[in-house]
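Here are my notes on the side-chain contacts. Please read them alongside the model.

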Amino acid sequence: MNNADVQCLASTANEDGSWLWHSRLGHLNFKGLNQLQSQKLVEGLPRIRVPNKICERCWTSKQPRNSFKSESPARAIEVLGVVHSDVCSPLEVPPMGGNKYFVTFIDEFSRIMWLYLIKAKSEVLFVFKEFKVLSEKQSGKSIKIIRTDGGGEYTSNDFEHFYIQHGIIHEITSPYAPQHNGLAERRNVTSWKFLPEIFVNGAF
């Protein structure tokens with residue numbers, strides 16, 4: 001075996017060892033592995049050789065999701081053109097009346113929000129009917145689109161029948177993407193801050 005063959009085998013062994021340590025340390029990047037070795041932070045860690053190929057597992061698992069726009073373009077051209085709605089998780093300490101949840105309705109055009117305290121998610125349809133009558137009487141307009149995250153409380157047969165009966169389009173955002181219903185999600189955060197002071201239903 002000549003010197004060239006020995007050097008080739010040594011290079012292959014060194015690269016295989018680099019991949020081994022890359023896997024052992026949770027697919028840490030090779031630059032980070034060399035930093036650990038140079039600072040002697042890991043016992044037995046050899047000098048790492050940066051391979052020419054890319055780790056397939058890193059390539060597939062570390063791909064970031066495409067960024068969401070900070071603000072989606074407004075679609076509503078009048079009051080009640082688009083209404084955003086969401087139900088917030090059970091409250092740790094229910095306020096007076098034993099209400100465990102709250103549901104919000106936000107008009108995209110005016111940014112006015114209505115907040116209703118409810119005891120169960122099954123009450124969402126009831127408060128939506130109440131909100132619909134109130135908002136339409138006060139504004140002289142009608143609800144055209146309601147946008148939700150597709151929770152079961154908004155997709156029941158009774159709710160779907162109500163949409164059809166009143167000519168309301170129900171838009172459902174993508175699953176596991178609360179950014180698509182960002183207006184309602186951001187208002188939920190605001191509502192949490194003031195909820196202890198709210199004990200009656202109505203506009204907020």
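1. Trp-114 has 11% relative accessibility, so this residue counts as buried, the limit being under 20%. The model is a predicted one. Phe-131 is buried too, at 0% relative accessible area.

2. Ten aromatic pairs are counted. In one of them, Phe-105 and Phe-128 have ring centres 5.7 Å apart; their planes stand at 45 degrees, so this pair is tilted. The partners come from distant parts of the chain, 23 residues apart: Phe-105 sits in strand 2 (residues 101–107), Phe-128 in helix 4 (residues 124–139). Both Phe-105 and Phe-128 are buried.

3. Trp-114 pairs with Phe-131. Their ring centres are 5.0 Å apart and the planes are at 65 degrees, so the pair is edge-to-face. Trp-114 belongs to strand 3 (residues 113–118) and Phe-131 to helix 4, so the contact ties together parts 17 residues apart in sequence.

4. These rings belong to one aromatic cluster, whose members include Phe-105, Trp-114, Phe-128 and Phe-131. Tyr-116, Tyr-154, Phe-159, Phe-162 and Tyr-163 are also among them.

5. Salt bridges number five. Glu-78 bridges to Lys-141, with the closest N and O atoms 3.5 Å apart. Glu-78 also meets Lys-144, at 2.7 Å, N to O. Relative accessibility is 23% for Glu-78, which is partly exposed. Lys-141 is partly exposed at 37%, and Lys-144 is partly exposed at 34%.

6. Glu-108 and Arg-147 form a salt bridge at 4.0 Å, N to O. Here Glu-108 is buried, at 7%, and Arg-147 is buried, at 10%.

Methods. Residues are numbered from 1 along each chain as its sequence is written. This is a predicted model: local features need pLDDT of at least 70, side-chain atom pairs count only at pLDDT 80 or more; totals for chains, interfaces and linings use all residues. Side-chain values use heavy atoms; hydrogens and water are left out. Rings of Phe, Tyr and Trp (its six-membered ring) pair if their centres lie within 6.5 Å; planes under 30 degrees apart count as stacked, over 60 as edge-to-face and the rest as tilted. Helices (H or I, at least four residues) and strands (E, at least two) are DSSP runs, numbered from the N terminus. Buried means under 20% relative accessible area, exposed over 50%, partly exposed in between (1.4 Å probe, protein chains only). A salt bridge is a side-chain nitrogen of Lys or Arg within 4 Å of a carboxyl oxygen of Asp or Glu.
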